[in-house]
Amino acid sequence: MSGDAGDQKKKKIAVVSVSALILVAMVVAVAVGVSNPHDVDHDDGHDTESDDGHQITTSTKSIKSICQPTDYKDVCEESLATEGVTATDPKELIKSAFKIATNHINAAIQNSTTLKELAKDPRANQALQNCRELLEYAIDDIKESFERIGTFEVGKVKEFIDDLKIWLTGALTYEDTCLDGFENTTGEAGEKMRQFLKSSQQLTSNSLAMVTELANSLGNLQIPTLGRRLMAENDAPEWVSDTNRRLLQAGPVTVKPNVVVAQDGSGKYKTINEALVEIPQKSNVTFVIYVKAGIYKETVVITNAMTHVTMYGDGPTKTVVTGSLNYIDGVQTFKTATFATIGTNFFARDMGFENSAGPAKHQAVALRVQSDRSIFYNCRMDGYQDTLYAQTHRHFYRDCVITGTIDFVFGNSAAIFQNCKLVVRKPLDNQQCIVTAHGRLGKREPTALVFQGCHFTSDPTYYPHRAVNKAYLGRPWKAYSRTIIMQSQIDDLIQPEGWLPWMGNFGLNTLFYAELQNTGPGADKSKRVKWRGIKEITPKHAVDFTPRPFIDGDAWIKPKGIPYSSYMM
């Protein structure tokens, strides 16, 4: 490759890797407005004579080319052509592509209000309200990529694309969660919402396909990485001040918090929710909340605007946030969480999160995590069904205890658990126990539940019942469910089959379940199920699912100073 050609290729890569939906417009911009018309290659081997004809032909070919790897090619090409994406100004093209995405999702939000007239079922009405919130999260995830457009170094494009794939997967997950809310409801509202969301889901899926194709192309080009994202010279994130960096160390907390919560009146506030009002909105500076020992009976939401929040307690069994919202009493799973984190870069340590509804109340979430780049260290999550909703984005859990009965670690996040304890509790008499239920929707989504150096064990009250109320490692909540368990201790509660179907043959050929280097009586794989989706992976392949390569963990976990392994433990 000549120097000029190489420079042009790097320019194209740097420009087109800005955003998934925006990527479409940027590729057209490169083809139409950036490249020299005489340098454009044509499929038929002939140059287009007319300048106008050249622009139209190049635009059409660019659109067809960028839509080629998508699953919904007609929707992709039609949406871009309808919007008239032929301008030569990249900024205008960005605005046009962004408008396509937001308009479709906003239309679904507006229709959720209109559909209320059709929703006579209280659960359907609640589903409509949740859809508005979930689709706004989807828009936020797409906007995240838009707002980060700026100056790019070619060597950092890969990291940006990894971010983009996570955000687009988050948007897809929120759209799907919206529709899940209509299960077991009556009336036409659910089907109407499904129709309204169809184009939004297809456009988002297409966008993820485009970015994945771009990522594959970058991999083939083997462009070197020039540095970690958001890292200062001292290898810590730029947003971590010297004072708050000391707070993040694994030892005793010695830093003065921004605000103290204490039930006995020794702090500024007696409830966590009162303290949340002091958190600066959309700040890049860590805000620290110390919650003293006590049982806090409240529902807490760290909103999307509450970024870089650190919350610590006096220990996972001493500082406990508890609630009892549940599905049987009329609350949809998404809203049953006692504690929910949405704002990015949330960090919790030495705290407990509980849903005390009990097994008879079915779905009852203790902790819901949407926060991208969130960390939980030395925490405890107690519940029964659906204890930890690891819903979207990237998470890291270290030295945590998670208890439950059915699908008690579930969601569609890229979540890694190191040195955690998964404790199966006694369910109802007629129930089986399942530890995980990953919700990966498609093969391009960069998500999985990864358990590394963990311990799968029994609560003492469950152990005598393990032969009747059988326990399994997981089941496929969605078609491309992906779970990896490695270097872990698996006790004799887990059935020899290991994994359980969700319903019939659903997902058994498309899931990805793998076990590697595990120990204990439950780790024997000789009698495991023989589904097509059960994989035998090598240690070399397993490294792909360790923190540094899988969730870019060195950039945002390592600087915390907590116990952490970048690769295999």
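Arg 425 lies over the face of Tyr 384, at 4.1 Å from the ring centre, where a charge is said to sit over a ring if NZ of Lys or CZ of Arg is within 6 Å of the ring centre and within 35 degrees of the ring normal. The arrangement is found in a predicted model, in which local features need pLDDT of at least 70 and side-chain atom pairs count only at pLDDT 80 or more, while totals for chains, interfaces and linings use all residues. Residues are numbered from 1 along each chain as its sequence is written, and side-chain values use heavy atoms, with hydrogens and water left out.

A charge also sits over the ring of Trp 502, where the charged end of Arg 475 is 4.0 Å from the ring centre. Both Arg 475 and Trp 502 are touched by Asp 407, whose other contacts, not counting residues up to four places away in sequence, are Asp 386, Ile 434, Val 435, Thr 436 and Ala 437; contact here means heavy atoms within 4.5 Å. Asp 407 is the position at which UniProt, in an unreviewed entry, places the feature "active site", and such annotations may be inferred rather than shown by experiment, with positions given in the numbering used here and feature names shortened. Asp 407 belongs to strand β16, residues 406-411, helices (H or I, at least four residues) and strands (E, at least two) being DSSP runs numbered from the N terminus. With a relative accessible area of 4%, Asp 407 is buried, a term that means under 20% relative accessible area, as against exposed at over 50% and partly exposed in between (1.4 Å probe, protein chains only).

For the chain as a whole, 57% of the 569 residues count as buried, and the secondary structure amounts to 13 helices and 26 strands. Among contacts between residues at least 6 apart in sequence, 70% join residues at least 24 apart.

In soluble globular proteins, nonpolar side chains tend to be buried together. Leaving aside neighbours within four places in sequence, Met 311 is in contact with residues including Ile 272, Leu 276, Ile 289, Phe 339, Phe 346 and Phe 347.

The whole structure holds 17 aromatic pairs, in which rings of Phe, Tyr and Trp (its six-membered ring) have centres within 6.5 Å, planes under 30 degrees apart counting as stacked, over 60 as edge-to-face and the rest as tilted. The ring centres of Phe 339 and Phe 346 are 5.9 Å apart and their planes are at 45 degrees, so this pair is tilted; Phe 339 and Phe 346 are both buried. They belong to one aromatic cluster together with Phe 353, Phe 376, Tyr 397, Phe 417, Phe 451 and Phe 456.

Another tilted pair is formed by Phe 512 and Phe 545, at 5.8 Å centre to centre and with 50 degrees between the planes. Because Phe 512 lies in strand β25 (residues 512-516) and Phe 545 in the loop between α11 (539-542) and α12 (547-551), the pair ties together parts that are 33 residues apart in sequence. Phe 512 counts as buried at 14% relative accessibility, and Phe 545 is buried with a relative accessible area of 5%.

Most residues other than glycine have a negative phi. His 308, however, has a positive phi of about 55 degrees; it is found in the loop between β4 (300-302) and β5 (309-312) and is buried, with a relative accessible area of 4%. Asn 345 likewise has a positive phi, near 60 degrees, and is placed in the loop between β7 (339-341) and β8 (347-349), where it counts as buried at 6% relative accessibility.
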